[in-house]
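Q: Hi! Could you walk me through this one while I have it open?

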Amino acid sequence: MANITIKKISGALGAEISGIDLKQKLSSEEIHSIKQAFLDHQVIFLRNQDIDAKHFLNFARLIGKPIKYPFVKGLNEFPMIIEVKKLKHEKVNFGGIWHSDTTYLKVPPKASMLLSQKIPPYGGDTMFANQYLAYESLSSTMKQLLDGLIGISSSAKADVSKTREDRIKNDGSAKANEVLLAEHPIVRTHPETGKKSLFINIAHTIGIKGMSPEESQPLLNFLFERQIKPEFTCRFSWTKNAIALWDNRCVLHNPINDYHGFERLMLRITLQGDKPA
């Protein structure tokens, strides 16, 4: 425990944890420290973790319950782990837009985690945005307006579905062509911290329940811009064998697509969440 250090990487969110070796069995104190840092900083990073898929899955199980991703097949030995990759000839990166993962599910995930295996010589950073701050920055009148509004999420919104095309073509699951829809509060309360955050995203939110598109889109566009103000964000520069673990309940993320001609390969695990309220 004495060797663990937690260092913030920005004023808004994000912290790097050092002094942890995921090849070794973690103590209960170490596990508690990681879980608390996750809640305190919304996204945490661990570098220099030269581990295989089995160790990665073991670590994930300490944080939550791994679940399958609906559209891409998992690894043969570890179906809860998918590859997030962009090959040298590809121009579009997987999930390359600001979003919270799979909000089109009735029960969206608690968290997602990536382990970097191949990284480009430059670029390929991932940005994160704190949705507690996005909500807290709103006026009291806007908060009252949003209270009780329900956002509609779809898996088929064009801007994000095209970022899955390469992976579905090569690694698609049996559900690859399904359209999934879900309704969630635009403002949700975090089940562990009790804090409120915006819970919409430009990748999946297609409307507001009970409103026409003409009524809902201006409000959504305002919120989409508010969600990613620079002062609410952090940016992580990947190194090989690094892990990122982020809280989908209060964080958006965006993988930057600025490394054409190079391969980038990550392993990803999604952790089961709870119904937003």
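A: Happy to; below we chat about salt bridges, a helix and a strand residue.

A: This is a predicted model, where local features need pLDDT of at least 70, side-chain atom pairs count only at pLDDT 80 or more, and totals for chains, interfaces and linings use all residues. Residues are numbered from 1 along each chain as its sequence is written, and side-chain values use heavy atoms, with hydrogens and water left out.

Q: Good. How many salt bridges does the count come to?

A: Eleven, taking a salt bridge as a side-chain nitrogen of Lys or Arg within 4 Å of a carboxyl oxygen of Asp or Glu.

Q: Which residue does R268 form a salt bridge with?

A: R268 pairs with D101, and their closest N and O atoms are 3.5 Å apart. The pair links distant parts of the chain, 167 residues apart: R268 sits in strand β16 (residues 264-271), D101 in the loop between β5 (81-86) and β6 (111-118). Helices (H or I, at least four residues) and strands (E, at least two) are DSSP runs here, numbered from the N terminus.

Q: And are R268 and D101 buried or exposed?

A: Both R268 and D101 are buried. Buried means under 20% relative accessible area, exposed over 50%, and partly exposed in between, with a 1.4 Å probe and protein chains only.

Q: What about K229 and E231?

A: Their side chains meet in a salt bridge at 3.3 Å, N to O. K229 counts as partly exposed because its relative accessibility is 30%, and E231 is partly exposed at 47%.

Q: Which residues are linked in a network of salt bridges?

A: R188, E192, D247, R249 and D274. Within that group, R249 and D247 meet at 2.8 Å, N to O, and both are buried.

Q: Switching topic: which residues are buried in helix α2?

A: In α2 (residues 53-63), they are A53, F56, L57, F59, A60 and I63. Seen down the axis, these buried residues fall within an arc of 160°, so they line one face of the helix; the arc is that of the directions from the helix axis to the C-beta atoms. On the other side of α2, K54 and R61 are exposed.

Q: What do the buried residues of α2 pack against?

A: They pack against α1 (28-41), β4 (66-67), β5, β6, β14 (243-247) and β16. Contact means heavy atoms within 4.5 Å.

Q: Last one: why does T205 count as buried?

A: Because its relative accessibility is 2%. T205 is in strand β12 (residues 205-208) and touches I152, S153, K157, I200, L220 and F224, leaving aside residues up to four places away in sequence.
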